[in-house]
Amino acid sequence: MIARIWKGRTKLEHLEEYESFMKERAIPDYSKTDGFVKLTFLKRTDSQYAYFDLITFWKDLEVIKNFAGAQLTKAKYYPEDQKYLIDFPEEVTHYEVFAE
């Protein structure tokens, strides 16, 4: 199994809207993709920003192409992300899961 990790941040005033967007649009998109196993979405805040770590789990590297396309390390964004995210990291990180 492969863990795919993406990190992002929003302004605090966009925290709830971004959470709702992710629950309504992005998470279902991940969930319906062949090879998807599960996900964990983490958040934390400081005095200015909300930080997000999204860890998705996939059967193997090959099935990640079903979601991300041929460039596996390239981050995938939705048009709506422009309203919320402060920066757009270009790449994600993959890890092989060797124990749970």
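Contact here means heavy atoms within 4.5 Å. The model shown in these views is predicted.

**View 1. Helix α2 and its buried residues.**
In α2, Val 63, Ile 64 and Phe 67 are buried. Seen down the helix axis, the buried residues of α2 fall within an arc of 115 degrees, so they line one face of the helix. What covers these residues includes β1, α1, β3 and β4. At the start of α2, a side-chain oxygen of Asp 60 comes to within 3.1 Å of the backbone nitrogen of Glu 62. After α2 comes Gly 69, with a positive phi near 90 degrees.

**View 2. Tyr 30 and Phe 67, an aromatic pair.**
The structure holds 13 aromatic pairs. One of them joins Tyr 30 and Phe 67: the ring centres are 4.3 Å apart and the planes stand at 25 degrees, so the pair is stacked. Tyr 30 belongs to helix α1, and Phe 67 to helix α2 (residues 61-68). The two are 37 residues apart, and the pair links distant parts of the chain. Both Tyr 30 and Phe 67 are buried.

Asp 29 has its place in helix α1 (residues 15-31). Its relative accessible area is 13%, so Asp 29 is buried; the cut-off for buried is under 20%. Leaving out residues up to four places away in sequence, Asp 29 touches Phe 67, Lys 76 and Tyr 78. Lys 76 also meets Phe 67: the charged end of Lys 76 sits over the ring, 4.1 Å from its centre.

**View 3. An aromatic cluster, and an arginine over a ring.**
Six residues are named here: Tyr 18, Phe 21, Phe 41, Phe 52, Tyr 78 and Tyr 84 form one aromatic cluster. Elsewhere, Arg 44 lies over the face of Tyr 51. The distance from Arg 44 to the ring centre is 4.2 Å.

**View 4. Lys 7 and Asp 53, a salt bridge between strands.**
Seven salt bridges are present in the structure. In one of them, Lys 7 pairs with Asp 53, and the closest N and O atoms are 2.8 Å apart. Lys 7 is in strand β1 (residues 2-11), and Asp 53 is in strand β3 (residues 49-58). The pair links distant parts of the chain, 46 residues apart. At 47% relative accessibility, Lys 7 counts as partly exposed. Asp 53 is also partly exposed, at 22%. Leaving aside neighbours within four places in sequence, Asp 53 is in contact with Trp 6, Lys 7, Thr 40, Phe 41 and Leu 42.

**View 5. Arg 25 and Glu 80, a salt bridge from helix to loop.**
The side chains of Arg 25 and Glu 80 meet in a salt bridge, with N to O at 3.2 Å. Arg 25 lies in helix α1 and Glu 80 in the loop between α2 and α3 (81-84), so the pair ties together parts that are 55 residues apart in sequence. Arg 25 has 35% relative accessibility and counts as partly exposed. Glu 80 counts as partly exposed too, at 25%.

Glu 100 and Lys 38 meet through their side chains in a salt bridge of 2.8 Å, N to O. Glu 100 is in the segment after β4 (93-96), and Lys 38 is in strand β2 (residues 36-45). Glu 100 is exposed, with a relative accessible area of 74%. Lys 38 is partly exposed, at 34%.

Glu 19 lies in helix α1. Is Glu 19 buried or exposed? At 19% relative accessibility, Glu 19 counts as buried. Apart from residues up to four places away in sequence, Glu 19 touches Lys 43 and Phe 52. Asp 53 has its place in strand β3. From C-alpha to C-alpha, Asp 53 and Glu 19 are 12 Å apart in space. In sequence, Asp 53 and Glu 19 are 34 residues apart.

Note on methods: Residues numbered from 1 in each chain as written. Predicted model: local features only at pLDDT ≥ 70, side-chain atom pairs only at ≥ 80, totals over all residues. Heavy atoms only, no water. Helix = DSSP H or I, 4+ residues; strand = E, 2+ residues; numbered from the N terminus. Buried < 20%, exposed > 50% of the residue type's maximum accessible area, 1.4 Å probe, protein only. Phe/Tyr/Trp six-rings, centres within 6.5 Å; stacked < 30°, edge-to-face > 60°. Lys NZ or Arg CZ within 6 Å of the ring centre and 35° of its normal. Salt bridge = Lys/Arg side-chain N within 4 Å of Asp/Glu carboxyl O. Arc of directions from axis to C-beta. Polar contact = N/O pair within 3.5 Å; in protein donor to acceptor, adjacent residues only side chain to side chain.
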